[in-house]
Amino acid sequence: MKVEIGRNAALSRKLSRDGAPRQPYLNVRWLGQMEFSHALALQEELVAKKRNEPLSEDQLLLLEHEPVYTIGRTPDRSSLSAPGQSRRGELGSAQLPYPLFSINRGGQATYHGPGQLMGYPIIDLRGCGQDLHKYLRWLEQLLIDLLAKYEITAQRRESLTGVWVENRKIASIGVGVRHWITMHGFALNVCGDLSPFDQIVPCGINNVSMTSMEKETQQAFNVADIAREVEKLALDSIVTLRVAPEGQLINA
């Protein structure tokens, strides 16, 4: 099927484990490589639809971006400057080699580009106990479980949202929520060039070392293949997001 975005069309398809439709909880789509502005427009469209049609499916968009930097809506933009540049970040955005988008997520500056798997869940948290903390932990666990399949031991770090391999950051998480409907999501470094991170202070964390699945294992990976594994795990684990504290499923 095709998802139309203005005059541009991005080929999308439902990822499936065995050819059978899987949509009791989540519709997962692989969109290939897409410009950030187009992906943002698609998210806005789906969030609006979800608000107007609460019974419509939750979504998980999986894709890659062309090179781009993003930053959350924060008055502190110092993370846009690489170490040794402007202390206060005034010149950071002008010095960046790729476009910058200020968006409605939490967090400081980060980079997205080829070799990085983006996951954008459009999920109504009113069907998940309206628990943003639980949602963030669900995203982290999804990625930790994925990496374990490739013998990469990853974990959380206290007070730092995201996923780490020892002290190296392999996945960033930044979400936006409107009327309890989520957008934005996670960025998993699968393969490719990590040097664009050197132009910023990634996620506002000084002296952070960025890593990838390729760098950790010295093996070659394909982003689309990793997306298929994310799909399997997301479909299996989404039910846990919709379990109330007392262990009862929440109707969604």
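The legends below describe close-up views of a predicted model.

**View A. The largest cavity of the predicted model and its volume.** The count of cavities of 30 Å³ or more comes to one. About 40 Å³ of space lies in the largest cavity.

**View B. Residues that line the largest cavity.** The lining is formed by Tyr111, Gly113, Pro114, Gly115 and Gln116, together with Asn189, Cys191, Asp193, Leu194 and Phe197. By residue class, this lining divides into five nonpolar, four polar and one charged.

**View C. The crossing of helices H3 and H5.** Helix H3 spans residues 132-148 and helix H5 spans residues 223-241; their axes come within 10 Å and cross at roughly 140°. An angle over 145 degrees would count as roughly antiparallel; H3 and H5 are therefore oblique to each other. Their crossing is right-handed.

**View D. Residues in the contact between H3 and H5.** Helix H3 contributes Lys134, Tyr135, Trp138, Leu142, Asp145 and Leu146. From helix H5, the contact is made by Ile226, Glu229, Val230, Leu233, Ala234, Ser237, Ile238, Thr240 and Leu241. The residues of this contact comprise ten nonpolar, two polar and three charged.

Key: Residues numbered from 1 in each chain as written. Predicted model: local features only at pLDDT ≥ 70, side-chain atom pairs only at ≥ 80, totals over all residues. Heavy atoms only, no water. 1 Å grid on protein atoms, 1.4 Å probe; cavity = no way out; pocket = protein on both sides within 12 Å on 5 of 7 lines; lining within 4 Å. Points joined across faces, edges and corners; volume = space filled by probe spheres on them. Nonpolar A, V, L, I, M, F, W, Y, C, P; charged D, E, K, R; others polar. Axes fitted to C-alpha atoms, helices over the stretch in contact; angles between N-to-C directions. Helix = DSSP H or I, 4+ residues; strand = E, 2+ residues; numbered from the N terminus. Parallel < 35°, antiparallel > 145°, perpendicular 65-115°, else oblique. Left-handed = near helix turned anticlockwise from the far one by under 90°. Contact = heavy atoms within 4.5 Å.
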